[in-house]
Amino acid sequence: MRVLIAGAAGMLGQDVVGAAQRRGHEVVAMSRYDLDVTDPASIDRAIAELRPEAVIDCAAFSDVDGAEDDERGAMAINDTGAGLLAAAAAGIGASILYPSSDYVFDGTKAAPYLEDHMPDPINAYGRSKLGGEVSVAAANPRHFIVRTSWLFGLGGGNFVETMLRIGGEQPEVLVVSDQRGCPTSCTDLAEGMVRLIGTDRYGIHHMVGDGDCTWFEFAVEIFDQAHMETRVMSATTELMARKAKRPAYSVLGQSREDAILLQPWQHALRRYLDDRELIAR
Ligand SMILES: NC(=O)c1ccc[n+]([C@@H]2O[C@H](COP(=O)([O-])OP(=O)(O)OC[C@H]3O[C@@H](n4cnc5c(N)ncnc54)[C@H](OP(=O)(O)O)[C@@H]3O)[C@@H](O)[C@H]2O)c1
């Protein structure tokens with residue numbers, strides 16, 4: 001299948017390109033300089049010239065705190081741009097896969113959010129991702145909305161890298177223990193996404209690492225697996241004030257019978273640390 005990947009230079013985009021190539025697809029990887037999702041002419045040109053059968057939209061305004069100061073910018077990419085790309089794909093009968101986020105939920109539940117639970121975002125980034133879900137679904141009947149969370153991939157900055165850097169610089173680190181979610185490997189997610197585009201299982205999917213934890217527990221596991229002595233100290237969200245509000249509980253569960261399940265996040269972390277070491281050699 002010919003697959004066009006927008007935002008291909010991003011953290012998830014890089015893994016999606018690799019996963020699609022390994023699956024034998026003809027991959028067209030486009031960074032924002034090749035295809036800008038805020039530029040309709042750029043979208044139309046790429047779709048008309050390349051005529052993909054599936055489009056994966058890894059382009060994103062992904063700065064959660066930054067979106068509070070630039071909600072229009074976040075909307076332009078995550079909502080309007082995603083809708084334009086989905087519509088262009090629909091115009092040639094191609095499907096669209098749009099990665100979305102656990103941050104579409106408000107985090108007030110105490111049991112996993114399922115695909116049909118009501119979203120109610122509490123920050124600008126979440127509103128832009130929910131807007132994108134709606135725009136993509138309205139523009140293209142052959143849509144896959146894949147909600148995921150707490151990504152770590154070798155192609156970009158992420159929580160694992162932040163912890164390893166801080167752990168190398170100081171003996172202790174303060175991490176919030178009152179936000180719970182599902183750490184997810186970009187490698188595993190990318191493979192799941194590429195499996196999905198070969199099916200007709202359209203609609204909303206939740207695709208996250210198996211199991212859940214707090215950021216505090218995630219940090220403890222990182223230092224444990226990396227054999228680092230760094231002491232992890234527990235902090236509250238209130239103490240660590242950030243610009244954007246975060247949902248306290250954003251564990252994603254699956255009720256679809258055809259859901260794609262990923263391996264436990266701890267196993268994925270092990271492989272991430274191994275791969276990271278191989279690259280550093
Ligand atoms: N990271 C997470 O923990 C997480 C959690 C849940 C869901 N997600 C979702 O997963 C997807 C991938 O996120 P990510 O972490 O891989 O983000 P990322 O590393 O920031 O990648 C996004 C890519 O999109 C590019 N881009 C920005 N504006 C664009 C435009 N107008 N046209 C085309 N490309 C543009 C960026 O280029 P520049 O770098 O040059 O700006 C970057 O290469 C997003 O949909 C995000 O919402 C992420």
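What do the buried residues of helix 4 pack against? They pack against strand 1 (2-6), helix 2 (40-50), strand 3 (54-57), helix 3 (66-69), strand 4 (95-101) and helix 5 (124-139). Helices here are DSSP runs of H or I with at least four residues, strands are E runs of at least two, and both are numbered from the N terminus. Buried means under 20% relative accessible area, exposed means over 50%, and partly exposed is in between, with a 1.4 Å probe and protein chains only.

Before going on, a word on the model. This is a predicted model, where local features need pLDDT of at least 70 and side-chain atom pairs count only at pLDDT 80 or more, while totals for chains, interfaces and linings use all residues. Residues are numbered from 1 along each chain as its sequence is written, and side-chain values use heavy atoms, with hydrogens and water left out.

Back to helix 4. Its buried residues include Gly 73, Ala 74, Ile 77, Asn 78 and Asp 79, and Gly 81 is on that list too. How far apart are the end C-alpha atoms of helix 4? They are 29 Å apart, which agrees with the 30 Å that its 21 residues (71-91) should span at 1.5 Å a residue. That expected span is 1.5 Å times one less than the number of residues. After helix 4 comes Gly 93, with a positive phi near 80°.

Now for the ligand. It is surrounded by 23 residues, and the closest are Leu 12, Arg 32, Ser 62, Tyr 125 and Lys 129; a residue is near a molecule if one of its heavy atoms lies within 4 Å of it. A polar side-chain atom of Lys 129 sits 2.7 Å from a ligand oxygen. Met 11 puts a backbone N or O atom 2.9 Å from an oxygen of the ligand, and a polar backbone atom of Leu 151 is 3.0 Å from a ligand oxygen. On its own the ligand exposes 900 Å², and the protein buries 81% of that; these areas come from the Shrake-Rupley method with a 1.4 Å probe, and for residues only the protein chains shown count as cover. Helix 1 (11-22), strand 4 and helix 5 each give two or more residues to the shell around the ligand, and the largest share, 3 residues, comes from strand 4.

Setting aside neighbours within four places in sequence, Cys 186 is in contact (heavy atoms within 4.5 Å) with Met 11, Leu 12, Asp 15, Leu 151, Phe 152 and Gly 153.

Gly 7 is in the loop between strand 1 and helix 1, and at 13% relative accessibility it counts as buried. Beyond four places in sequence, Gly 7 also touches Gly 13, Met 30, Cys 58 and Ala 59.

Another loop to visit holds Ser 149, between strand 5 (143-148) and strand 6 (151-152). Ser 149 is buried, at 3% relative accessible area. A polar atom of its side chain lies 2.7 Å from the backbone oxygen of Cys 182. Cys 182 is also among the contacts of Ser 149 beyond four places in sequence, along with Asp 102, Pro 183, Thr 184 and Val 208.

Finally, the loop between helix 8 (215-225) and strand 12 (231-235) holds His 227, and Thr 230 lies in the loop between helix 8 and strand 12 as well. Is His 227 buried or exposed? At 70% relative accessibility, His 227 counts as exposed, whereas Thr 230 is buried at 11%. His 227 has a positive phi near 55° despite being a residue other than glycine.

How values were computed: A polar contact is a pair of N or O atoms within 3.5 Å; within protein, one must be able to donate a hydrogen and the other to accept it, and residues adjacent in sequence count only if both atoms are side-chain atoms.
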